[in-house]
Amino acid sequence: MFHLVEKLVEYFRTQMRTDPDMASAVAAIRTLLEFLRRDKGETILGLRESLKWATDCLTEVDSSVAVSSGGELFLRFISLTSLEHQDLSRCKKVMEERGELFLEKISLSRTKVAKLCHTFIKDGAKILTHSSSRVVLRVLEKAAAEKKRFTVYVTESQPDTAGKQMADALRRINVPVTVVLDAAVGYVLEKVDLVIVGAEGVVESGGIINKIGTYQMAVCSKAHNKPFYVVAESFKFVRLYPLNQQDVPDRFKYKADTLRTVSDLSDEHPMIDYTPPSLITLLFTDLGVLTPSAVSDELIKLYL
Amino acid sequence: MKRESIVPAACAAVTYTVLCHPHHHTVFIVLTDGPGNKDDITRSKNEGKELSKEEKQRLRKQKKQQKKQKERKNEKSETEKEKTPVSLLPPPRPVATQKAPSALPAPASAPIPVPASAPFHSSPAPSPADKPAKSKAELKAERRARQETDRAAKQPGSSSSGIKTKVPLSELNPVVKRLPEHVQVDDPAVVKRLAKKLERQQIPLRSDYGYKVSLFSHLHQYSRKAPLTQQLSIPSTVIHPSIVRLGLQYSQGIVAGSNARSVALLHAFKQVIRDYTTPPNEELSRDLVNKLKPYISFLNQCRPLSASMGNAIKYIKKEISNIPSQCKEEEAKTKLLTCIDRYIEEKIVLAAKAISKYAIEKISDGDVILVYGCSSLVNNILCEAFEKSRKFRVIVVDSRPRLEGREALRRLVQRGISCTYVLISALSYILPEVSKVFLGAHALLANGYVMSRVGTSQIALVARTFNVPVLVCCETYKFCEKVQTDSFVSNELDDPDDLMVTRKGKTQLENWQDVSSLGLLNLVYDVTPPDFVDLVITDLGMIPCTSVPVVLRVKNLDQ
């Protein structure tokens, strides 16, 4: 079994390396599809079990919410069809086709989101964003391509200073950008017009799970009455319902290697936080522009 | 009740029979499909005479509308005078309603097909003013709809009743909804109508008691010392004894709590079905529903029905009317009994298990949980969580005059859960210690508001200020289509004498009726807005409060 795990992880890591722009969830789904192709199971139930097990393995490698949600949605999508064929290989073929369809759909999702969101950026706008999000980058690229002039403030986002990468990427497309300290969010908010952030996961209540510091930014923008927009692809919708910060499961809060190596987690600093839906104005997804209460509607449609 | 039915006159082999009502000078045209349907006509004639009271009322209303139209037309231009004979004479109308079946699905487009299909009318289409044409078309559409329902009532399996005639009217004007009678107590016309209905069903009318606070004067207020059952003869011929017993249990508060009341109701109905025998020349599916109607009015008089009971009754009526006519009586009865058992099992017992499963995920070790009053579901959840060895303690909040928290306290302490007991006035004192609030619900309304015992919205409000998450637990059978934004419009007033309390041998409010400016208010329910509720746990899963209409929609699709 071990070498299977290694192969899986190796494939996953290769996918991430070959296309750094790809979301980790997409890489995970590619890996799962490949796993499905190579799987030699005899029963459909066995197939489902092994897919679930593969998703768990991948979550251990990269403990982001998106990987687990993407895996679950992949499983649901491919089995949400009539599998009444006599032959197992026929069923497998159907599932593989569905899997490829799913992959195709989600690779287009970022473009769809960018198309929806760039209209909300007006000419001369000042935008605040948090840490480094590829979806937000895509949105800003689209807005710049539409010949809109805007300036961007990015938070530095400790402890991994991911904000600097975002700033570099924006400078490459000639957008004026300023890097601010995480502590300066309240200071800079009176200057900005809108706040756009990405999300690692969108939960059932309509809230989001994102890099630590997002909740702070949301509370400040609510106090300043600035709109707080979230851009996320639909495969990030996850069946979690946290009530507060403590209620988010530990397996998402810390990095995968931290979970494995460290015994007492109370010393570790969490990498993500939860933003409740009352602070979010709108969510831009490939399913459309949603209010936070509509997220539950979509989830019910997806899962029930 | 088939007094009139219309079939398209375009059919080749058709017989026209004119039925003339003896008391009013209006004419109803019955188009039958062949010579062999004379029995239908005589039956409809006879039934028309039996149920003539409602019919009379309807005809009176119709006449009034016609008169109003006539007046309106007489005020306007002369060209419209041509219409008046048309609107007064019914004979052209049924002919115009030939297009009835096809046009019925789109009653809003009534003005359009009506002029097109009326070759006998003098000047239908080119109407100078929209109003007269619309009201005429509306009337026509109403008649059409009524005739449709009568035709549908002709088929077996659908219940015929006086209330059904009101359905087409409200179907056509979706904006105008009828207010339920129990929230219009200060309107004498409504009270008279209710009294007449109860008289017809031979149920005594319960009279209101005591001075009502003016803001709630539109609701009933009864006294517990005068239960309805005292006015019934023994043995009661109209009402089944188990229903009488149930009514007494409700009005005295012996059976209280939304789940308990629904289960007791269903068990009583099971007994009714067991003792029921179909009278000759009647069908079980229609007659049993008619038998249940006076029971439901009686129970409503004893204590207003709750939302869960309303849904249960709807389900039973649907099941009864879906019994095929060929079904033998014994078979039908056992089928109904198993249906009811299954409803109780699925919607109440299993739902409670599913809800506990989800709720236990939200209870972590070291939690301090606040509960209010006595909700059977919340108690169930806490006991299950305790059995799964979660370490938590409970704070029970209670309020007068019902003091239901004591019952909850007793049940929890019996299981070994460590509890604290406070009154609701100490809420802000105790809340800083609390990590979660679990509330039960009486009903979940379609706009996401939670209707529950009075005091619940207060708890949710204060918890929100302290940033404590509020979780509401509710089974899906308590979801109702009603919309309410405040606690005034529809509520229940309990016995005001309950507020009197005797301390050290003295009862201060003993003679409250003598003080003319004093009113005692004992509210039962209140309504909590969805902003104060963080999570609703149902048997379908955990949903935000705003997703209740989605669940209702999904449920309606399933059915």
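This is a predicted model: local features need pLDDT of at least 70, side-chain atom pairs count only at pLDDT 80 or more; totals for chains, interfaces and linings use all residues.

1. Residues are numbered from 1 along each chain as its sequence is written, chains are lettered from A and ligands numbered from 1 in the order in which they are written, and side-chain values use heavy atoms, with hydrogens and water left out.

2. Let me start with helix α14 (residues 329-361) of chain B, where R342(B) and E346(B) sit 4 residues apart, about one helical turn. They form a salt bridge with closest N and O atoms 3.7 Å apart (a side-chain nitrogen of Lys or Arg within 4 Å of a carboxyl oxygen of Asp or Glu). R342(B) is partly exposed at 45%, and E346(B) is partly exposed at 43%. Helices here are DSSP runs of H or I with at least four residues, and strands are E runs of at least two, numbered from the N terminus.

3. Salt bridges with shared partners also link R224(B), R402(B), E404(B), R453(B), D494(B) and D498(B) into one network. Within it, R224(B) pairs with D498(B) at 3.2 Å between the closest N and O atoms. R224(B) is in the loop between α9 (188-201) and α10 (241-252) of chain B, and D498(B) is in the loop between β9 (470-473) and β10 (502-503) of chain B, so the pair ties together parts 274 residues apart in sequence. The search of the whole structure finds 35 salt bridges over all chains.

4. How many residues does each chain bring to the contact? Chain B gives 16 residues and chain A gives 11, contact meaning heavy atoms within 4.5 Å. About 1100 Å² is buried between the two chains, 60% of it from carbon and sulfur atoms; this is the accessible area (1.4 Å probe) that two parts lose on being put together, summed over both. The rule finds 2 salt bridges across this interface, one of them between R553(B) and D297(A), with the closest N and O atoms 3.6 Å apart. On the side of chain B that touches chain A, β14 (541-543) and α19 (548-558) of chain B are the elements giving two or more residues, and α19(B) gives the most, with 4 residues.

5. I395(B) is worth a look in strand β4 (residues 392-398) of chain B. I395(B) is buried, with a relative accessible area of 0%. Beyond its neighbours within four places in sequence, its contacts include V368(B), I369(B), V422(B), I430(B) and V434(B).

6. On cysteines, the structure holds 0 disulfides over all chains, a disulfide being a pair of cysteine sulfur atoms within 2.5 Å. For C339(B), the nearest cysteine sulfur, in C327(B), is 11 Å away. C545(B) is buried at 3%, and its sulfur is 9.4 Å from the closest cysteine sulfur, that of C474(B), too far for a bond.

7. Lastly, in chain A, S131(A) lies in the loop between β1 (125-129) and α7 (134-145) and is buried at 5%.

Notes:
Buried means under 20% relative accessible area, exposed over 50%, partly exposed in between (1.4 Å probe, protein chains only).
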